[in-house]
Amino acid sequence: MALEGALTWVMHWMTTPSTAAASAFAVVTSILFHRARKNYLALPLLPAIPPSATPLDCMVVIPARNEEGVVGGAVKSLPPDTVIVVDDHSTDKTAQEARDAGAGVLEAPPLVKGALGKAHACMAGARILTSRWILFADADTRYQEGFLESAVKYAEDLGVALLSVHLTALAESLAEHLLDPYTTALSFGGASPRRDPAAMFNGQCILARRDAYEFIGGHAAVWKFLAEDVMLALLAERHRMGFLAARAGRLGHARSYAGWKGAWNRIERTAFRLVHVNPWTSLTILTALCAALWLPLASWLWFAGHRVFAGALVLLVLLELRPWYGNGPRLLLAPLAIYAALPLLLHGLIGALANRRIEWKGRIIKAT
């Protein structure tokens, strides 16, 4: 009798429109966010090794445009005398800050027609180096002692020519605490390391073996593409070279943007990249749209008299995003992030589909 009563209750629950919709939401979003976490954890964690007493055969190229107040920290976090900062026609004191931090500074040559500034600057830096390995790093990245040794040893042990290292987010502003974990979850929901390893490449931090890098044409072969990092991986794949993406863990950190304006520009650019890399099969936008249903469904349940289940739906959202936000007070931002990120993503997506140009670092660029 108890079992029969329970089945009757379940059937009643499932046939009520509000509860049926909430059940579908719970199943779909649980699958999507579980998939995102599974994809993230599928990236191997970079094994840490102690710093080397002898210099590595590795140099670092940091392309920098108007990175005053940022680039010095990146230089200082890397071993002395290993960094070349390519000043991409900055209008601030980027070059002086880099020199004061101990880097060699190279002025980027005039921008080639059709080339994007970052890839053009990376190529300029690589051309003057003779080291076996080259690390291309963004100016807003930071590294712990032993990072270079760990990355080079890992790449050599696995025999890969290109290694992309996903750095751990370093959040400082409210916008970063709110949006970084959620947008990271969305990005891993749209790409699978197993099925599409090239799509996992992230240009914030790429280690390249110089001979292989030069063989595929380096950044000169991809400098017209907004997703130049993914295109490098695709070139390596075409030439049957080994490439891999990994997680830095505590060995490396990056700050994605500063403040709300920075968040808008970064997410807009990310949406442009999404359209270029994987325009139709990515689940990123689907995940964002599905997640945004939590508030209408919770309200529907509440006003339909299912108030316990309305609370359970909110709890479900927190549980789905807890792996990305952690267990602290920041977790309470997760439901808000869903609605804060959605207009930014849709704005960027519509702009990319409409072939609209965007501004980045004072330059007008177009998705290619």
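User: What does "buried" mean here, and what is the relative accessible area of Cys-205?
Analyst: Buried means under 20% relative accessible area, exposed means over 50%, and partly exposed lies in between (1.4 Å probe, protein chains only). This is a predicted model, where local features need pLDDT of at least 70, side-chain atom pairs count only at pLDDT 80 or more, and totals for chains, interfaces and linings use all residues. Residues are numbered from 1 along each chain as its sequence is written, and side-chain values use heavy atoms, leaving out hydrogens and water. Cys-205 counts as buried because its relative accessible area is 0%.

User: Which cysteine has the sulfur closest to that of Cys-205?
Analyst: A disulfide is a pair of cysteine sulfur atoms within 2.5 Å. The closest cysteine sulfur to that of Cys-205 is 9.7 Å away, so it is too far for a bond, and it belongs to Cys-58.

User: How many disulfides does the rule give?
Analyst: Good follow-up! Cys-205 shows the rule at work, because its closest cysteine sulfur is too far for a bond. By this rule, the count of disulfides is zero.

User: Is Ser-192 buried or exposed?
Analyst: Ser-192 sits in the loop between α7 (174-189) and β8 (205-209); helices (H or I, at least four residues) and strands (E, at least two) are DSSP runs, numbered from the N terminus. Ser-192 touches Arg-35, Asn-39, Pro-197 and Met-200, not counting residues up to four places away in sequence (contact means heavy atoms within 4.5 Å). Its relative accessible area is 7%, so Ser-192 is buried.
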